[in-house]
Amino acid sequence: MKHVSAIVAASLLFVASAHATNVKLLNVSYDPTRELYKDINAAFSAEWKGKTGETVTVNQSHGGSGAQARAVIDGLDADVVTLALAYDIDAISQKSGLLPANWQKRLPDNSAPYTSTLVFLVRKGNPWHIKDWPDLVKPGIQVVTPNPKTSGGARWAYLAAWAYALKAPGGNADKAQAFVAALYKHVPVLDTGARGSTTTFVQRGIGDVLLSWESEAHLVLKERGGDKFQIVYPSLSILAEPPVALVDKNADHHGTRKAAEAYLQFLYTNEAQEIEARNFYRPRDPTVLAAHAADFPKIPLVTIDGMFGGWQRAQAVHFADGGVFDQIYRPGQ
Amino acid sequence: MKKPPRRSTEDHPLVRVVLSIVAIGFIGLFLVLPLTMVFSQALSRGLGVTLAAIEEPDALAAVRLTLLAAAIAVPLNALFGISASWAITKFDFRGKGFLTTLIDLPFSVSPVVSGLIYVLIFGLQGWLGPTLREWDIKVIFALPGIVLATMFVTFPFIARELIPLMTDQGREEEEAAASLGASGLRTFLRITLPNIKWGLLYGVLLCNARAMGEFGAVSVVSGHIRGLTNTMPLHVEVLYNDYQFVGAFAVASLLALLAIVTLTLKSFLEWHFAEEIAAAHHH
Amino acid sequence: MTAAIASLAAHWRNPSALPGFALSFGFTLFYLSAIVLIPLTALVIRPWSLGFAGFWQILADHRVLAALRLSFGGAAIAAGINAVFGLIVAWVLVRYRFPGKRLLDALVDLPFALPTAVAGIALSTLYAPHGWLGEPLSELGLKVSYTPLGVVVALTFIGLPFVVRTLQPVLSDLTQDAEEAAATLGATRLQTVVRVVLPTLTPSLVTGATLAFARAVGEYGSVIFIAGNLPTVSEIAPLLIIIKLEQYDYAGASAIGVIMLTASFVLILALNLLQYWTGSRR
């Protein structure tokens, strides 16, 4: 028994003594940002070292946005969270009190240093001539998108479709609901996260259109070559603002607040905005955006606040249990 | 192994051929093909790429974590298995059947549930989470949680091997030693342990294979921090989701090799020590 | 503590000449409680914060029902497939002699030794529309990956060893005297097999299939990659637990967990009774 407790104690120590000589941050993020934060973390480490002489290591955890928020609520020790939508960070604040409710006001631009939007990824040559939202519900078209209940990107995609139908000539809430219902009848696979859907579409060859983050779609072209896929910009989409936030209580607990705050502010610097643009996230800085204008076509983008009254309302109306999505999505019936 | 069947009880030659083809075909289709798939995908861009994927720091960290978790969980479960089978097979008491059932229970509990229960206890919203946080002890999203989940899913394996084996062997030898004045520990070390050593090894082997390969339960409690709390099976999933299919299958092939080594050792034990592990012929 | 256990022990156990009961029994109970029983209790009491009606409402949800139906139905079909093919494999391995038999025998345990995530990505790649098996199957109009059929394939994969390994020792023990006697009495081979061999094997066949079922019903890792996870179509109950968790619905996740746990307990209890039955029949 003595032996056993010694092993357990040693293993606890092994984990507890992780922070001592250098600063360690944990950034809990969502699925498609893996490549982005790999670059950001390297740049930030170099900058922080030059400024303070401290070595900072940023560890990463990725998964579906909702799943990651849940893990933080359950005690995953994130110093900062960089998730797909404000609702998930709101949930952390409400359910665990680890950060204040006004978190989104603490950094510029709604705490979203970069934005993105939802686009269509189709197979090369666009064999089904998919140009805009109505093309997605034509007979025989298969649309791949993740489950809006668990994926942030999927919620943005759902709302973009809704917004299109609402703003189309003669559009109203009933027609929007009917359009979204029709759209989800064309979905053969509903993965839990954005990355899972990309894999399904790209690697498994399922479906004709992937409703994808703009960044994710560009990444596919980069990784898989532009000879297999192409991006289609619909006539209207949604301004997706993936927010970032300091998890106050965790950072204070670790004594890493200073570095964590600097990390988030770093995301707004010229250097980071450039990295974000290179990873196909739309930078907030107008000069950086202008330099990469070719990658980011200008299309009309609705906002969550303007169109849906903010995330809290959108979530309650559309994605909560018994909400619109539950009413329209009835496969196998 | 078995003497050839006599003519009167022999299957018709055509039946033999058909059944053999069905059996080999079924195993080929369901077992050999997926295994081949793993290696062919891992090697699809050459051995160099495969090895590079395995030598990558996050992959090595995952290997280390997997080995460490198994190195803690398996010996603890072995200790438990020995203790439980000693209590169950060497003594008569009421409720023995129920105790055995409880020990077997984790075998059929969904891995997801196995992870969930520790979140409910050690999570920040759970029973002990807030207290542990004050004490600065991490359980879930750290090594202890991974070890606990691993221990749960492999809980019955060693006990299940040892209980039937020790039941078959009876108590006479131990009772004789005890009546001659040998201490309990001495009796165990000199008499029982030599009798069960191959069965024990067999159980440890199965326990270890499952411990290193567990996915669902560990996934729930891991937190997926790269280079820190991703075990090998979780790292496979990470790479798979990162478009690094070759990398995913490279790490997967490492796990598949582990499975092959396990099977080889297991068959070796079965062929050479059939008697010593006979009572425990099934898992 | 140990003294208390010992004095309690004296009342309900028979005296034994062997030492170490208090220690081994005490440790067993402690370890069992710490790792299994107390954590499971946490699960069992969690959903009742909603009251019985709330608990019932969670389970009556059509998506939850569909997931439970798929997990239990899929596991049952897989167990059935394994009962048939496992019997054939066991029969061939015990009764026939052919080159490579030992290799085949060793391979049977592969699903047990191969990590489920590895099995998952391998099966999913194999049965994908452009995979080695997916391509020819889709030409036949059969879609496996991302359908309930994919779930059954994965569950069949992980359940196979249990049927074969339960049958093998019984088949080896089965002397051929009875078969010979039947043959001497003029029974055809088919009659002998159906009337003499199969009834003897039935208890082990049921045990093996139940083991395969018990293992498959809660399976997660090998299924999620191949299932496609369409709600109410190819979404298994364990995945739904995870999804509920991701929506911060702890009570909902626990409610499904409790149902799965109850099923596990009943299955294990049934298995122990079956083993008792098998034991008394032999």
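Let me begin with the salt bridges between chain C and chain A, of which there are 0, a salt bridge being a side-chain nitrogen of Lys or Arg within 4 Å of a carboxyl oxygen of Asp or Glu. Please keep in mind that this is a predicted model, where local features need pLDDT of at least 70, side-chain atom pairs count only at pLDDT 80 or more, and totals for chains, interfaces and linings use all residues. Residues are numbered from 1 along each chain as its sequence is written, chains are lettered from A and ligands numbered from 1 in the order in which they are written, and side-chain values use heavy atoms, with hydrogens and water left out.

As for the extent of the interface, 25 residues of chain C are in contact with 29 residues of chain A, contact meaning heavy atoms within 4.5 Å. Together the two chains bury about 2200 Å², with 58% of it on carbon and sulfur atoms; buried area here is the accessible area (1.4 Å probe) that two parts lose on being put together, summed over both. On the chain C side, Y146(C), E246(C) and Y248(C) lose the most area to chain A, together 30% of what that side buries.

Turning to chain A itself, strand β5, residues 118-123, has 5 of its 6 residues buried, that is, under 20% relative accessible area (1.4 Å probe, protein chains only), strands being DSSP runs of E, at least two residues, numbered from the N terminus.

Methods: Buried means under 20% relative accessible area, exposed over 50%, partly exposed in between (1.4 Å probe, protein chains only). Helices (H or I, at least four residues) and strands (E, at least two) are DSSP runs, numbered from the N terminus.
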